Amino acid sequence: MPDPYQVWLSEVMLQQTTVAAVAPRFQRFLGRFPTVAALAAAPAEAVMEEWAGLGYYARARALHAAARAIAAAGAFPPDAAGWRELPGIGPYTAAAVAAIALGQPEVPVDGNVERVVARLFAVTEPMPRAKKTLAALAQGFSSDPAMRARPGDFAQALFDLGATICTPKNPACALCPWREGCAGQAMAADLPVRAEKVPRPMRHGAHFLALDGAGRVLLGRRPGHGLLGGMADIPGTAWTGAPWTDAEALAEAPFAAPWAAVPGVALHGFTHFQLTMRLFWARVEIPGTNQDWRPLAEAARILPTVFRRLLVLAEGAGVR
DNA sequence: CAATCGTGGAT
DNA sequence: TATCCAAGATT
């Protein structure tokens, strides 16, 4: 049976994140935190840095908290209900770990399974309202002898069916082993019915890149909750609905310095808004004592992508 | 229940 | 280029 720690870690990384993006990061994470004990013993900053670029940073905070809970308990939870009580473990991940790592007859319902079931039973109720219906229908797999015999492989097979045959667009129904019992085959490409999309608003920010004489940059730290919670950042203004004038932005600078505007802007898309950032930079020859100065290459490694874009903007403008 | 929470790749 | 969407959880 697979190592519960590795199954748990991979399932958390795979939440809303593609296999291609996760694969190298999973190996790197395991190299740095090989066991749940090692993860529990690590400082939070190290875990957040290792997660940089993967997105949904609440996952890393919860993963770390859960590791400490497991280490304190001295053992992994024995079943899905036990896993469900840990931070960052919802219905899907609890079922996936129980099925894959513990061999227990649970049915993890992810986006793939929802799509397969919506088509198999021709569910036309729109998402996300249909989630309850789809989850209930997916529980029907619990009586399948193949599922009882090999719950982990059954779950993996369901994921693979959704990823390679029962795909969101252009499903390959002709190749599907379940096509004969599929009530939604004729309308498969239109299921599940998605809610209408809402346009993402634009927000604006201004940030301040302080460089010392040794190629180091001054980093800040985000609050431990909410957007990018717990991550390093490049200090700046709030992200507001209206652009910042130079005067307004400079009044928000973390300290007085000969700030100069970097030409151009940096753009970044979040799930629910788009961001336009301006950048000011200054050479600061007297670093403060309790401040987080990092070489540019290191900063680029530990900053979330939104702030890496500012480093790219600066480099393109010849600022270094 | 609806909103929040990142990012990169595919189309 | 814009949109979609990915092995979701939390509030």
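**Close-up 1. Cysteines and the disulfide count in the predicted model.** In this predicted model, the number of disulfides comes to 0, a disulfide being a pair of cysteine sulfur atoms within 2.5 Å. Cys176 takes part in no disulfide, its nearest cysteine sulfur being that of Cys166 at 6.2 Å, and Cys176 counts as buried at 11% relative accessibility. Cys182 is likewise in no disulfide, since the nearest cysteine sulfur, that of Cys173, is 6.3 Å away and a disulfide requires the pair of sulfur atoms to be within 2.5 Å. With a relative accessibility of 19%, Cys182 also counts as buried, because buried means under 20%.

**Close-up 2. The protein surface near DNA strand C.** DNA strand C is surrounded by 22 residues, and the closest are Gly88, Asp110, Asn112, Pro168 and Lys197. Sorted by class, this surface has 9 polar, 7 nonpolar and 6 charged residues. Helix H7, which spans residues 91–102, and helix H8, which spans residues 111–120, each supply at least two residues of the surface near DNA strand C.

**Close-up 3. Individual polar atom pairs between the protein and DNA strand C.** On the phosphate side, a polar backbone atom of Gly90 lies 3.0 Å from a phosphate oxygen of DNA strand C. On the base side, an N or O atom in the side chain of Glu11 is 3.2 Å from a base nitrogen of DNA strand C. For Gln156, a polar side-chain atom is found 3.5 Å from a base nitrogen of DNA strand C.

Close-up 4. An unreviewed UniProt entry lists residues 13–164 under "domain: HhH-GPD".

**Close-up 5. The surroundings of Arg294.** Arg294 is placed in strand E6, which covers residues 292–295, and its relative accessible area of 13% makes Arg294 buried. The side chain of Arg294 makes a polar contact of 2.7 Å with the side chain of Asp292. Once neighbours within four places in sequence are left aside, Arg294 is in contact with Glu49, Gly215, Arg216, Val217, Leu219, Arg221, Ala299 and Ile302.

Conventions
Residues numbered from 1 in each chain as written. Chains lettered and ligands numbered in written order. Predicted model: local features only at pLDDT ≥ 70, side-chain atom pairs only at ≥ 80, totals over all residues. Heavy atoms only, no water. Near = heavy atom within 4 Å. Polar contact = N/O pair within 3.5 Å; in protein donor to acceptor, adjacent residues only side chain to side chain. Helix = DSSP H or I, 4+ residues; strand = E, 2+ residues; numbered from the N terminus. Nonpolar A, V, L, I, M, F, W, Y, C, P; charged D, E, K, R; others polar. Buried < 20%, exposed > 50% of the residue type's maximum accessible area, 1.4 Å probe, protein only. UniProt positions renumbered as here; feature names shortened; annotations may be inferred. Contact = heavy atoms within 4.5 Å.
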